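This briefing looks at the pockets of one protein model and at the residues that line them. Please have the sequence and the structure at hand while reading.

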Amino acid sequence: MTSRYHLAGLPIGGGSLSLPPAESHHAATVMRVRCGDRLTLFDGQGHEAEATIVSVSKREVRLTAEPAVYRPRENRRAVTLAVAMPKGDRARELVERLTELGIDRLVPLHCERSPWAVSAAALAKWQRVAVEACKQCGRNRLMEIEEPQSVAEQLGRPLADGEIGWFAHPGGGEMNADSLGERSATAIRVAIGPEGGFTEGEVAAARAAGWTPVGLGERIYRIETAAVIVAIHAAGF
Ligand code: SAH
């Protein structure tokens with residue numbers, strides 16, 4: 001049972017507060033919290049605070065929070081994954097896995113061979129899935145899920161100093177962040193293509209923008225498997 005609740009704007013110094021209406025309802029009717037119960041609040045920016053419940057109704061759960069501590073539980077490297085998102089349960093599981101793996105930012109990537117356009121409703125759903133995954137895994141910083149971007153838009157954002165750009169493409173080079181250059185990368189952006197793969201034009205554009213093709217071995221993976229493999233390597237555990 002999770003006893004972690006997301007509260008944007010958690011008061012850093014602690015104090016008296018209420019859970020938002022949906023969270024209050026969930027805590028009161030599903031989790032059946034009671035006065036005196038202890039739970040953990042996190043703000044999605046890296047802070048968490050212990051809190052004690054002081055009153056419970058179906059509409060409002062009130063608490064007294066202790067001062068917050070900064071404990072983001074992030075990886076040593078900032079990773080952005082731009083992914084040609086699958087649909088339905090496959091997308092949900094992908095968002096859960098990437099949140100658990102501490103990916104900083106997920107950008108739904110629209111490719112020439114993408115079979116569908118990501119809707120605002122799908123985006124909102126994935127954002128809720130990411131919050132739930134943060135509750136479950138103890139992560140205190142939310143994974144940002146950005147508006148969908150085309151390959152051209154993603155490549156059009158120049159790589160920052162110390163940032164590596166990879167695109168997963170069968171036959172690409174070895175994926176080893178620490179072997180690239182003398183200075184180890186502080187941030188990585190990785191693109192994962194659709195089931196039909198990146199087109200030759202997209203591959204040429206990515207190379208021209210300074211991105212490196214990386215290969216994941218001889219087998220061809222589904223998008224979500226490829227994304228998890230890349231996430232683990234890029235984060236540099
Ligand atoms: N038929 C496509 C593969 C699509 S798999 C092709 O041959 O290109 C979906 C995406 O997962 C790919 O676009 C790529 O980004 C990634 N991927 C899957 N298996 C991979 C592998 N062995 N090496 C590199 N990337 C891979």
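In this predicted model, the lining of the largest pocket is made up, by class, of eleven nonpolar, five polar and three charged residues. The volume of this largest pocket is about 310 Å³, and 19 residues line it.

**The largest pocket**

- Among the residues that line the largest pocket, Ala-168, Pro-170, Ile-220, Tyr-221 and Ala-226 are the closest to its centre.
- Two elements, strand 11 (163-173) and helix 6 (223-235), are those that give two or more residues to the lining of the largest pocket.
- Strand 11 provides the largest share of that lining, namely three residues.

**The second largest pocket**

- The second largest pocket holds about 260 Å³ of space, and of the 19 residues that line it, those closest to its centre are Asp-104, Arg-105, Arg-141, Leu-142 and Glu-144.
- The elements that contribute two or more residues to the lining of the second largest pocket are strand 7 (78-83) and strand 12 (187-192).
- Divided by class, the lining of the second largest pocket has nine charged, six nonpolar and four polar residues.

Technical notes: Residues are numbered from 1 along each chain as its sequence is written. This is a predicted model: local features need pLDDT of at least 70, side-chain atom pairs count only at pLDDT 80 or more; totals for chains, interfaces and linings use all residues. Side-chain values use heavy atoms; hydrogens and water are left out. On a 1 Å grid over the protein atoms alone, a cavity is a set of points where a 1.4 Å probe fits but cannot get out, and a pocket is an open set with protein on both sides within 12 Å along at least five of seven lines; lining residues have an atom within 4 Å of a point. Grid points are joined across faces, edges and corners, and a volume is the space filled by probe spheres set on the points. Helices (H or I, at least four residues) and strands (E, at least two) are DSSP runs, numbered from the N terminus. Ala, Val, Leu, Ile, Met, Phe, Trp, Tyr, Cys and Pro count as nonpolar, Asp, Glu, Lys and Arg as charged, and the others, Gly among them, as polar.
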